[in-house]
Each structure stands twice: as structure tokens, then as C-alpha cells.
Amino acid sequence: MSEVAKKETQQPTPPTSDRKGNGVAMSQSMTTMHRLRLNPNTEHKPENYEGLQLEFSPLLFSSLERYLPPPMLSLSRDSKLHYMRDIILRYSPEGERTRAQRQREYRQKITTHYQPLHKELYTMNASNFFVPSFLKAINENKEESFRRIMTEPSQGIFTFEMLQPHFCELLLSETMLDKLMEDFIRPISKVFFSDVGGSTLDSHHGFVVEYGIDRDVELGFHVDDSEVTLNVCLGKEFTGGDLFFRGVRCDKHVNTETHKDEVLDYSHVPGRAVLHCGRHRHGARATTTGNRVNLLLWCRSSVFRELRKYQKDLSSWCGECQREKKERQRVSIATSKRELLKKEGKAVT
Ligand SMILES: [Zn+2]
């Protein structure tokens, strides 16, 4: 097994979060078809699209505005809105277009009498981004609801259908990533990763990585600088690029052997998410053909990090610490058993 690098150097350098990196780009098809900018104009302050009756998220329009060709930026909000809406509708598959129009009419009808239960979800227009099964589980917010949509191919690694494939690539803005962590990842992590700070996630680092020919080839074996990591495949056509997992480890045990039951190889499926503890050792194999785009969200808990400084014995989640503890118990039981037998032996003679 290859060595896992020391903590300071173990993180693969993520592409810059300002999305100028090689691996980060707006949807290729969108940029060529509609001549949007390849990289967002980070200087530009987009308009506020909240409060309008739109069939797509206001955040989506704000995010997309940064990609408009420069001469368009000085136009009125309505003109920009019209242009972007056109792009989104053209980008949507045929069925989705009419669905979006129907949804708009429906929304106008209901907004007058209907107060949504989850306001955040509503403003994010979540049904455009997430698959119904995922939204249902989040809304129910119960362990059994989460379990119903998840598979756990190896202990502590959860995979589930998450994103609508045709909207995958538009999930870009920071505000959306904030919401993604707060409204979606935190409730799930509270249930499945509470021992590694999953119930107190309070910051994140999100980035999009594109793999393929001339792109980032392969991510070495590493652990993430996160408590919980979300890794969603945003798609495109590809082969290879499997993720491999090799057990959860604390700092002290990061380079220890992998045990058979810790080995998992996972093949990405567009729209499907993998959620795992940041300390779960993993790597990505080379994407052999095509291009693969993944969204990574490293979720962190400052409370958990603070606690770890003071409580050294907080690594019950480390596979090796668990084994050591079991071994100590086995030895201690064997010793007392021997002593007991010795005493009994004495009593008999
Ligand atoms: Zn350990």
C-alpha cells in the first residue's frame, strides 16, 4: 500500500475555488452553444433575482450572470434574466422545458395560499437540483428515511442518488454550497457521523474537479481536511476514475495496514453522491477515457477540532484504535482467566 502523506501535506491541492483552475469550468456545452464566458467574472456583482416568480432558483440566475458576455452586463435586469432563462430552457431536455413552464404556472397559483414548510428549500428551488427521493428523505429528516435512500457498501461509506443529472453542472455558487451543507448534509451527518463532528458542521470548502485527458490525472492516496466529505459525480461520459477506500484512521495510525473488510472500490455514477468521513483513507484512479466532473464538499466542525486538541482519547472512530482497544481487552481477559485458573488450581491441590 502506498504511504499516506503527513497531515500538512496530505491534501491534494484542490483547484482554486475561484474556479479559474484548469479542472474547473462551466458546462462545455453551454459555453460553446451560447457563448457564455468560460470563467466567471469574479469582479462583477450580480443582480438580486430574489422575490421574482421564476421557475429556476434566483441563485442560479445570480450565479450564471457572472458568465454573461461582458457587453451584456450593463443591460437591464429583465434583459439579462430573459437571456439567461432562454439559455437554461434550451439547456434543459425537451420534457424538462414544458415541466419548467408548468411548474411556473403552478407556483404562481399556489404561492398566494401556500406557506412552504421549509423556506430555505423553497428559495433554492430544490426540486430543480435534487432527485425526489433525496428531497423526501431530507424533508422527513429521520434516520429511517435516510437509510431508505442509502446503500452502505462498506462501514461508514454511504452512497445515494442526489442530483438531477441535467442540473448537476449548474450547481456552482458559494451560496448554494452553503445551503447544500446546512440544509442537506448536516441533517444526514448528524445521524451517521456524529462521532466525528457530523452534528456540528459549521464551515466548508467546496470545489469542482474535472478529470480526464489533459486534466488532473489521478489523486493519490490521502485523507481529507474535513470531518465529512461529500463527493458527487456531476457527470459526462467516462470510463475509469474509480474511488478506492481503505479504512478510517487517526493521525497516529494514518499509515497502518489496511484490513480486508476495509477495502472498497467504488465506480462513480452521474448524480450519485458518496458521503464519507474525511479521515477515511481514499484515492481516485485515473479516468481512462472521456471526462469526469465531480463536486467535492469538505465539511468541517470547529467544535470537533477544538475538542480534539484537549481530548486525546477521541479516536474511537479510527479502525486501528478500535483494534488496539479490542486487543488490550483480549489480553486483559486472558490474563485474568489465567490467574483465576491458577488460583483454582491451588485451591484444588
Ligand atoms: Zn488510531
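What percentage of the 349 residues of the chain count as buried? The value is 33%, where a residue is buried if 20 or more other C-beta atoms lie within 10 Å of its own, exposed if 12 or fewer, and partly exposed in between, with C-beta atoms placed from the backbone. The model is a predicted one, in which local features need pLDDT of at least 70 and side-chain atom pairs count only at pLDDT 80 or more, while totals for chains, interfaces and linings use all residues. Residue numbers start from 1 along each chain as its sequence is written.

**Overall organisation**

- The chain has ten helices and eleven strands; helices (H or I, at least four residues) and strands (E, at least two) are DSSP runs, numbered from the N terminus.
- Of the contacts in the chain with a separation of 6 or more, 80% are between residues 24 or more positions apart; two residues are in contact if their C-beta atoms, placed from the backbone, lie within 7 Å.

**Nonpolar cores**

- A nonpolar core is a set of buried Ala, Val, Leu, Ile, Met, Phe, Trp, Tyr and Cys residues joined through C-beta atoms within 7 Å.
- The largest nonpolar core has 45 residues, and I185, V228, V232, L297 and C299 have the most contacts inside it.
- Among the elements that each supply at least two residues of this core are α6, α8 (174-192), β5 (228-235) and β11 (287-300).
- The element that gives the most to this core is α8, with seven residues.
- Another core, of ten residues, lies apart from it and includes L60, L64, M84 and I88.
- Leaving aside residues up to four places away in sequence, L297 touches L177, L180, M181, I185, H204, G206 and L230.

**Helix α2**

- Six of the eight residues of helix α2 (residues 58-65) are buried, and the helix is thus mostly covered.
- These buried residues are L59, L60, F61, S63, L64 and E65.

**Helix α6**

- In helix α6 (residues 132-140), the buried residues are F134, A137 and I138.
- They lie on the same side of α6 because they cover an arc of only 100° around the axis, the arc being that of the directions from the helix axis to the C-beta atoms.
- N139 is also found in helix α6; this residue is partly exposed, with 14 other C-beta atoms within 10 Å.
- Although N139 and F184 are 45 residues apart along the chain, their C-alpha atoms are separated by 9.4 Å.
- N141 follows α6 and has a positive phi, near 55°.
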